[in-house]
Amino acid sequence: ALMKDYQYDGMDTCAVDGMCATNCPVDINTGDLIKRLRRENHSVTQNKMALWVANHFALVESLVKIGVQKGLFFNSIFGKNFMRQLTTGVKRIFPAIPLWPAYIKKPGHKLSTQEHGVPGHQVVYFSSCISRLMGGETGNEFLSVCKKASMQVIIPQHMKGTCCGQVFSSKGFVDAFRQTANSTIEKLWQSSGQGAIPVVLDVTSCTQTVRTYRPYLTEENQLLYDKMKFEDIIEFIADNLLPRLNITKQKDAIVFHPVCSAFKMGTVTKLQTIGNACAKKADMPFFSTCCGMAGDRGFYFPELTNAATKNEAAEVNQQKYDGYFSSSRTCEMAMSAATGKDYASVLKLLNEVTS
């Protein structure tokens with residue numbers, strides 16, 4: 001009975017975000033335990049399937065993109081809740097089917113390298129797969145703010161199919177994660193001028209994942225990795241963009257949802273710095289905690305996100321804000337569903353207040 005209950009209460013609905021360790025007096029990270037248990041419970045076939053996905057991620061990305069586009073089309077024809085209702089019905093028969101998120105955005109446009117800007121001020125833009133598939137204008141907003149700041153932006157070649165590997169790491173598929181990590185570093189090495197140009201990621205949890213790569217890399221790729229610099233979007237905005245931008249349309253009041261990775265990497269104060277520059281009032285809710293999305297957990301177990309966001313959503317909805325922002329697309333969807341407000345990337349905030 002204990003094992004049966006633990007499958008749902010522990011294995012299936014653990015967000016593995018490690019936030020438990022931030023409150024634990026001896027820094028115990030139960031998420032690491034769950035990752036290990038998931039890894040030990042995978043069959044040989046499951047590991048082979050995950051490795052196949054990692055090796056053919058460009059194909060998987062294309063299929064997901066088509067699915068998102070078709071789903072948005074059906075919603076436009078049959079009503080905005082059509083796909084949600086359809087997947088809810090299908091999930092009753094096939095529990096492994098994910099639910100259609102209520103606040104999903106269209107796939108982003110294909111981006112190209114921006115050559116303008118001041119020589120010597122360059123960045124490589126690593127657009128996350130979730131931003132490419134469900135991020136709407138996130139990529140264009142990044143290019144826009146960099147253009148305003150006279151920063152040259154390099155878009156890596158063969159970006160399609162490039163992923164940080166969090167989807168494999170969180171589920172305990174070590175071989176697939178190792179393959180993804182090595183492939184990503186090899187792709188970014190040349191684009192970054194062999195480590196001379198920093199790589200900026202637009203999703204904070206992806207940044208944290210990349211910063212755990214080293215043990216999973218080959219000895220050759222470890223040498224490349226050690227020469228490369230990876231910056232999270234929060235760090236990049238606070239340290240590099242704000243000093244170079246002209247904020248002319250400051251907002252009255254905004255609110256952030258700081259994601260788990262921002263707490264763990266210690267960048268919440270930099271997120272507050274961004275808010276203070278972009279608005280007269282920038283709130284960080286007292287009940288800001290893990291939203292429960294955990295990459296994709298909320299697609300399969302919506303009750304997890306409903307419970308995790310309850311207190312924060314109630315606090316946020318006590319006031320009216322000019323904008324709602326975060327730094328992870330899936331977390332933005334979770335908070336949007338919880339509050340009924342449209343959470344967007346911090347890049348959108350920066351683009352709106354600058355000229």
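Predicted model: local features only at pLDDT ≥ 70, side-chain atom pairs only at ≥ 80, totals over all residues.

Ile66 has its place in helix 5. Its relative accessibility is 42%, so Ile66 counts as partly exposed, since that class lies between the 20% and 50% cut-offs.

Now for a residue on the other side of the cut-off. Ser128 sits in the loop that runs between strand 1 (122-126) and helix 7 (129-134). Is Ser128 buried or exposed? With a relative accessibility of 4%, Ser128 counts as buried, because the limit for that class is under 20%. Leaving aside residues up to four places away in sequence, Ser128 touches Asp202, Val203 and Cys206. With one of these, Asp202, the side chain of Ser128 makes a polar contact of 3.2 Å.

Let's step back to the whole chain. It contains 19 helices and eight strands, and its C-alpha atoms fill a box of roughly 60 × 55 × 50 Å along the principal axes. The radius of gyration is 20 Å, which agrees with the value near 20 Å for a compact globule of 355 residues. Buried residues account for 51% of the 355. Of the contacts between residues at least 6 apart in sequence, 78% link residues at least 24 apart. The accessible surface of the chain is about 17,100 Å², and carbon and sulfur atoms hold 56% of it.

Definitions and conventions: Residues numbered from 1 in each chain as written. Heavy atoms only, no water. Helix = DSSP H or I, 4+ residues; strand = E, 2+ residues; numbered from the N terminus. Buried < 20%, exposed > 50% of the residue type's maximum accessible area, 1.4 Å probe, protein only. Polar contact = N/O pair within 3.5 Å; in protein donor to acceptor, adjacent residues only side chain to side chain. Contact = heavy atoms within 4.5 Å. Rg over C-alpha atoms; globule rule 2.2 N^0.38 Å. Areas by Shrake-Rupley, 256 points an atom, 1.4 Å probe, with all protein chains shown as cover.
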